[in-house]
Amino acid sequence: MAYFLLIVGFVLLIKGADLFVDGSSNIARLLRVPPILIGLTIVAFGTSSPEATVSIIAALQGNADISLGNVVGSNIFNVTLVVGIAAFLYPLMVESETTKKEIPFVLLASGALLVLISDTELQGLSDNLLTRSDGIIFLLFLSIFMYYVIEVGMKSRKESIQKPIPSNIKWGKNILLTLAGLIAIIFGGDLVVDSGTEIAYELGMSKTLVGLTIIAIGTSLPELVTSISAALKKESGIALGNVVGSNIFNILFVLGASAFISPLSVNGKIFIDVMIMIALSLLLFLFSRTHYKIKKAEGLVLVTMYIIYLVYIILRN
């Protein structure tokens with residue numbers, strides 16, 4: 001039964017992503033804002049919903065390894081496999097603001113996570129813990145990011161207010177498409193995570209490994225199928241904005257809310273994964289600075305990096 005539900009989940013994810021990209025890209029046109037901003041907000045928040053659901057539930061159940069592993073593993077998956085496959089299918093154009101502000105914000109959030117979980121090294125405490133006050137700090141960082149996005153969106157809207165919008169693009173239809181796609185993505189992601197986790201535990205995998213692999217990949221499938229769908233439709237702004245926005249939401253909102261609800265104990269193994277996440281985010285930043293485009297060859301490098309990482313954590317377990 002678990003294998004059947006896994007297939008159903010994948011079908012819902014793929015179809016939902018197709019509807020979601022169509023609806024959200026048209027909403028961007030109706031709002032007269034660049035698709036990158038829709039990718040950073042509506043799409044990113046929507047595709048991060050599975051991570052939020054899984055991590056918050058895991059935190060409430062006292063499964064900190066799954067909660068943290070899910071976020072770190074998802075972010076690594078996003079910057080390597082999601083961007084890599086999308087760029088391999090269709091080279092991703094990168095806007096200057098993305099390299100100057102948005103990807104650096106991912107690096108800032110990742111660095112803040114490393115600092116806040118390093119209690120034994122920096123404060124001499126006996127245990128590493130992501131506390132409620134740490135969660136509040138993340139949520140405050142998120143409010144700063146949202147203020148920046150809204151400000152940029154309003155500025156862009158004023159500059160493009162005179163551009164005509166095709167008569168066949170309607171608010172009602174595209175809101176319905178976006179919501180239907182999002183519901184399919186979340187429900188499909190939930191099926192994939194539950195059935196995939198059941199299969200993984202039957203195979204004898206540890207909680208940390210399940211969090212970094214099965215759950216992280218499962219909850220990142222919405223980002224993967226959404227970005228691939230956007231790349232195939234040549235919507236680079238949504239494809240890349242989805243990943244950048246999702247990684248920011250994963251750390252600042254998902255971990256922020258999880259830690260605020262229930263403080264998270266930190267497994268020593270996760271430090272290496274956080275540092276790998278930072279290094280790979282830096283690599284994405286460097287690639288995005290190359291002619292403001294992530295090309296097929298660079299996409300292949302990112303995919304290879306994820307395969308190497310996956311082999312490493314499986315052997316480490």
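Let's start inside helix H3, where the buried residues are Ser 49, Pro 50, Glu 51, Ala 52, Val 54, Ser 55, Ile 56, Ala 58 and Ala 59. Keep in mind as you look around that this is a predicted model. Nine of the 12 residues of H3 are buried, so this helix is largely enclosed by the rest of the structure. H3 runs over residues 49-60 and reaches 16 Å from its first C-alpha to its last, close to the 16 Å expected at 1.5 Å a residue. Just after H3 you'll come to Gly 62, which takes a positive phi of about 80°.

H12 covers residues 296-316, and its 21 residues reach 30 Å from first C-alpha to last, close to the 30 Å expected at 1.5 Å a residue. Which residues of H12 are buried? They are Glu 298, Gly 299, Leu 302, Val 303, Tyr 306, Tyr 309 and Ile 313.

On the H11 side, the contact is made by Ile 272, Asp 273, Ile 276, Leu 280, Leu 283 and Phe 287. H12 brings in Glu 298, Val 301, Leu 302, Met 305, Tyr 309, Tyr 312, Ile 313 and Arg 316. Sort the residues of this contact by class and you get 11 nonpolar, no polar and three charged.

H11 (residues 270-288) also packs with H5 (residues 96-116), at an angle of about 170° and with the axes 10 Å apart. That makes H5 roughly antiparallel to H11. The H5 residues in this contact include Ile 103, Pro 104, Val 106 and Leu 107, while those from H11 include Phe 271, Val 274, Met 275 and Ile 278. By class, the contact of H5 with H11 has 14 nonpolar, five polar and no charged residues.

Last stop: Ser 229, which is found in helix H9 (residues 207-232). Is Ser 229 buried or exposed? Its relative accessible area is 11%, so Ser 229 counts as buried, since the cut-off for buried is under 20%. Leaving out residues up to four places away in sequence, Ser 229 touches Ala 17, Asp 18 and Val 21.

How values were computed:
Residues numbered from 1 in each chain as written. Predicted model: local features only at pLDDT ≥ 70, side-chain atom pairs only at ≥ 80, totals over all residues. Heavy atoms only, no water. Axes fitted to C-alpha atoms, helices over the stretch in contact; angles between N-to-C directions. Helix = DSSP H or I, 4+ residues; strand = E, 2+ residues; numbered from the N terminus. Parallel < 35°, antiparallel > 145°, perpendicular 65-115°, else oblique. Contact = heavy atoms within 4.5 Å. Nonpolar A, V, L, I, M, F, W, Y, C, P; charged D, E, K, R; others polar. Expected span 1.5 Å × (residues − 1). Buried < 20%, exposed > 50% of the residue type's maximum accessible area, 1.4 Å probe, protein only.
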